[in-house]
Amino acid sequence: MLRSLFSVSFVLVLSLAPVLGSPEAVIAEMEKIQNEPATKTASIGLCFIPLDGEPSDARGYRLDTALIPASTMKAITTAAANEILGPDFTFQTRLETAGLVDEEGTLTGNLVVRGGGDPTLAESGISSTFAKWKTALQEAGIEKIEGSIVGDASIFGTQRVSDSWPWNDFGNYYGSGPCGLTFHQNQFYASFSTPKVGGPAPLIGTDPKLPRVKFFNEMRVGASGSGDNGYIYGAPYGNVFYLRGTVPDGSSSFTIRGALPDPALFCARAFTKYLNTGGFEVSGEPTTVRLMNDAGESLAARKIIHEQESATLKEIMYSTNMKSVNLRAECIFRMIGHEVKGKGTIDASSDAVRDHWAARGVDMTGYIMDDGSGLSRANLVTPRQMAEILYHAAKGKDFNAFKYTLPVAGQSGTLRSIGGGSAASGRVRAKSGTIGRVRNYSGYVSTRSGKEYAFAIFMTNYSGDLSTIKSQIVRVWSKMVAM
């Protein structure tokens, strides 16, 4: 009799347990993770949709909870750009004369560097870019400028960073906001000497030099091996920067990267210096369209004398997602707004992206897009919204151009250090998302049975260490691979 009862109970337990390799097993794993110490008080969510099914086939755990997407927002931005702008889209930068050129080769008026939002302009070298521009001037018959070099960044408006970006981010290179005339990755280098652990770290200088910018240096020397814990505090267009935190001992100097306060002005100033140093006279002081507007000044009618294109959007998206480059994502985001709404502002760009996915059938209720990169903690996306966007992206034109940009678990980009040696290795392509106490992954998983799913896993406000959180993510991926 006891043996009979045991058999019945064993069968009952088996019938209630999720079948290995089933959606229920994946969901059960998330439920288990929710109750573990590292994530017990966290807000977590999961959604996965079979690409051979319909959005209504979505399964998951708390899949309609609005959570902070962090850098998985880049997947939404680049997937939208891939469809709206197209993978072969290029950013355009122009040199324009605003004045007359006489027979002696003198431009009486201004030379305008008109930015087209290219996030890669002069990325590989300032001098090579300027040499190309100088040649273009000479080919246009210009040998002297009686006027100024003017940086025109107006395509994206004057607001460079979101109102919700943290103050301790946007003075640093990863928080450098987009500029219509983005130049040299909108960054500078600040070098410090490191004479004694615990003591001050004197500022050696910046490269490039930033005239009219005052630095208040409070940087200290940290222990050897402590890494870069230095931060630069300064506002866009500002001329006062504070340097705080620590740089490690162990060498004679240490360098950190900061955000250029005004990339358009820097470009105009640097090009003026380059020309004057090379014997090509520019008489006027460098300026920008923004500063001219503030002063009530205007430009004469312009004539294009040189145009140059960026790499294709497909190539730019690849580095954006592989390396999670905020600046590139923000420039792509603003260009969507410019092309769709006629304005490269944050609001116009956000509306354009929202409208695009809503038109594809995604319920965007509760969705908040305060930037294109995910640096803002004001962004909100549900796991279902993210998974549905990725599902529709997979059905869209030129999908492979987008999918190719996503890192592979255990193999490439920001996923190189997660999933290696597990069932998920090589089977997950996803964009990661990381800011303080937020760890997310959104992309595609290929199962052993040959099926493919769009998925989103969000973890917000966890209390455990990062290695524990990453191991939890891999456990969910492994269950998904087994489906």
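**Notebook: pockets, sheets and single residues**

I began with the largest pocket and noted that E16 gives the most to its lining, with five residues. The names follow DSSP runs, numbered from the N terminus (helices are H or I runs of at least four residues, strands are E runs of at least two). I noted that the model is predicted, with local features needing pLDDT of at least 70 and side-chain atom pairs pLDDT 80 or more, while totals for chains, interfaces and linings use all residues. Residues are numbered from 1 along each chain as its sequence is written, and side-chain values use heavy atoms, without hydrogens or water.

**Entry: confidence**

I looked up pLDDT, the predictor's confidence in each residue, from 0 to 100. The protein chain averages 95, and 96% of the residues score at least 70. Over residues 1-16, however, the pLDDT is below 50, and this stretch has zero contacts in the model beyond near neighbours in sequence. A contact means heavy atoms within 4.5 Å.

**Entry: the largest pocket**

The largest pocket holds about 530 Å³ of space (the volume filled by probe spheres on grid points joined across faces, edges and corners). I found 25 residues in its lining, and Tyr 173, Lys 323, Ser 324, Val 325 and Asn 326 lie nearest its centre. Helix H7 (313-323), helix H8 (326-341), strand E16 (428-435) and strand E17 (438-446) are the elements that give two or more residues to this lining. I sorted the lining by class and noted eight nonpolar, 11 polar and six charged residues. Here Ala, Val, Leu, Ile, Met, Phe, Trp, Tyr, Cys and Pro count as nonpolar, Asp, Glu, Lys and Arg as charged, and the others, Gly among them, as polar.

**Entry: the cavity**

I found one cavity of 30 Å³ or more in the structure. About 40 Å³ of space lies in the largest cavity. Its lining has 13 residues, and Arg 160, Phe 170, Pro 236, Ala 259 and Leu 260 are the closest to its centre. By class, I noted eight nonpolar, four polar and one charged residues in this lining.

**Entry: the sheet that holds E16**

I traced an open sheet of five strands, with antiparallel pairing, in the order E2-E1-E18-E17-E16. Strand E2 (59-61) and E16 are at the edges with a single partner strand each, so one side of each has no neighbour in the sheet. The twist from one strand to the next averages 5°. E16 and E17 run antiparallel and are joined by eight bridges (strands pair if DSSP finds at least two bridges between them). I noted that Ile 435 has Val 438 in E17 as its bridge partner. Helix H2 (residues 23-34) lies across strand E1 (43-50), E2 and strand E18 (452-460), and runs at about 170° to E1. Axes are lines fitted to C-alpha atoms, for helices over the stretch in contact, and angles run from 0 to 180 degrees between N-to-C directions.

**Entry: a sheet of three strands**

I traced a second open sheet, with antiparallel pairing, in the order E8-E7-E13. Strand E8 (203-207) and strand E13 (253-259) are its edges, each with a single partner strand, so one side of each is left without a neighbour in the sheet. Here the twist averages 25° from one strand to the next. Seven bridges join strand E7 (residues 187-193) to E13, and I noted that Ser 191 has Thr 255 in E13 as its bridge partner.

**Entry: two backbone details**

I found a cis peptide bond between Asp 207 and Pro 208, with omega about -5°. Pro 208 lies in the loop between E8 and strand E9 (214-217). I also noted Arg 62, a residue other than glycine with a positive phi, near 50°. Arg 62 lies in the loop between E2 and helix H3 (73-84).

Terms used: 1 Å grid on protein atoms, 1.4 Å probe; cavity = no way out; pocket = protein on both sides within 12 Å on 5 of 7 lines; lining within 4 Å.
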